[in-house]
Amino acid sequence: LIALGYTLLQSKIGELDLMIPMCFMIGVIHIMLVGFGKIKDDASYKYHENEGVIGWILLVLRLGLYGWFLWAVQSSAREGGFKIANFLQQFRIAGSLYFLAFPGIFLVTQLFAPYLQHFVMAIGQMFMQTGFNLWLSSLFLTRGEYFKVSTLSASDLPGGCKVGVVKEE
């Protein structure tokens with residue numbers, strides 16, 4: 001939603017209300033894929049939960065979401081000003097690393113012997129999630145670049161300032 005401009009170009013969902021069911025459907029598809037993967041979890045030929053067709057489907061889904069993310073960031077950067085474009089450049093880098101980390105880990109895991117794949121996949125995902133949780137929390141939860149360009153800084157409450165681009169309501 002942030003890539004589409006929510007809290008950057010507008011403070012209300014408005015035209016983005018279609019995104020809520022879309023995000024819900026993507027979540028349901030992901031849950032179904034993980035569920036199907038868990039059904040075959042105890043198969044003797046399976047070394048990690050994202051092995052086989054389920055892993056490749058998740059990889060394609062992640063790459064599709066990455067393409068959508070890039071399109072959304074680019075369209076928001078065209079609509080916003082210089083400050084928003086500067087923030088979106090940082091956000092594009094963080095989002096790109098996030099969306100491409102799973103495909104990268106998945107493909108690197110294929111290079112290892114089958115009995116090592118679970119370890120490589122688990123450690124890779126753990127470091128990926130920890131790193132991105134720290135990076136994204138610092139990007140969004142501090143009074144940094146995001147706070148300055150978002151509608152959060154246009155508050156009447158103490159701490160908010162009304163300097164910069166006036167956001168649509």
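How many helices and how many strands does the chain have? Colour by secondary structure and count: there are 5 helices and 0 strands. Keep in mind that this is a predicted model.

**The whole chain**

Follow the chain along its sequence. The pattern reads α-α-α-α-α. Now colour by accessibility. Of the 169 residues in the chain, 34% are buried. Next, show contacts. Among those with a separation of 6 or more, 65% link residues 24 or more positions apart.

**H2 against H3**

Select residues 53-79, which form helix H2. Two packed helices are described by the angle between their axes and the distance between the axes. Colour the contact by residue class. It has 20 nonpolar residues, 5 polar residues and 2 charged residues.

**Arg62**

Stay on H2 and pick Arg62, which sits in this helix. Is Arg62 buried or exposed? Its relative accessibility is 16%, so Arg62 counts as buried, the cut-off being under 20%. Show the side chain. One of its polar atoms lies 3.1 Å from the backbone oxygen of Tyr98. Now display what surrounds Arg62. Setting aside residues up to four places away in sequence, Arg62 touches Tyr98, Phe99, Phe102 and Pro103.

**Ser96**

Which residues does Ser96 contact, leaving aside neighbours within four places in sequence? Show Tyr66, Phe69 and Leu70: Ser96 is in contact with each of them.

**H4**

Move on to residues 114-141, helix H4. The viewer should give 40 Å. At 1.5 Å a residue, the 28 residues of H4 should span 40 Å, so the two values agree.

Which residues of H4 are buried? Select Gln117, Val120, Met121, Gly124, Met128, Phe132 and Leu139. Look down the helix axis with these residues shown. An α-helix has 3.6 residues a turn, so residues three or four places apart point the same way. Keep that rule in mind as you step from Gln117 through Val120, Met121, Gly124, Met128 and Phe132, all on the buried list of H4. Finish at Leu139, which is buried as well.

Notes. Residues are numbered from 1 along each chain as its sequence is written. This is a predicted model: local features need pLDDT of at least 70, side-chain atom pairs count only at pLDDT 80 or more; totals for chains, interfaces and linings use all residues. Side-chain values use heavy atoms; hydrogens and water are left out. Helices (H or I, at least four residues) and strands (E, at least two) are DSSP runs, numbered from the N terminus. Buried means under 20% relative accessible area, exposed over 50%, partly exposed in between (1.4 Å probe, protein chains only). A polar contact is a pair of N or O atoms within 3.5 Å; within protein, one must be able to donate a hydrogen and the other to accept it, and residues adjacent in sequence count only if both atoms are side-chain atoms. Contact means heavy atoms within 4.5 Å. Axes are lines fitted to C-alpha atoms, for helices over the stretch in contact, and angles run from 0 to 180 degrees between N-to-C directions. Ala, Val, Leu, Ile, Met, Phe, Trp, Tyr, Cys and Pro count as nonpolar, Asp, Glu, Lys and Arg as charged, and the others, Gly among them, as polar. The expected span of a helix is 1.5 Å times one less than its number of residues.
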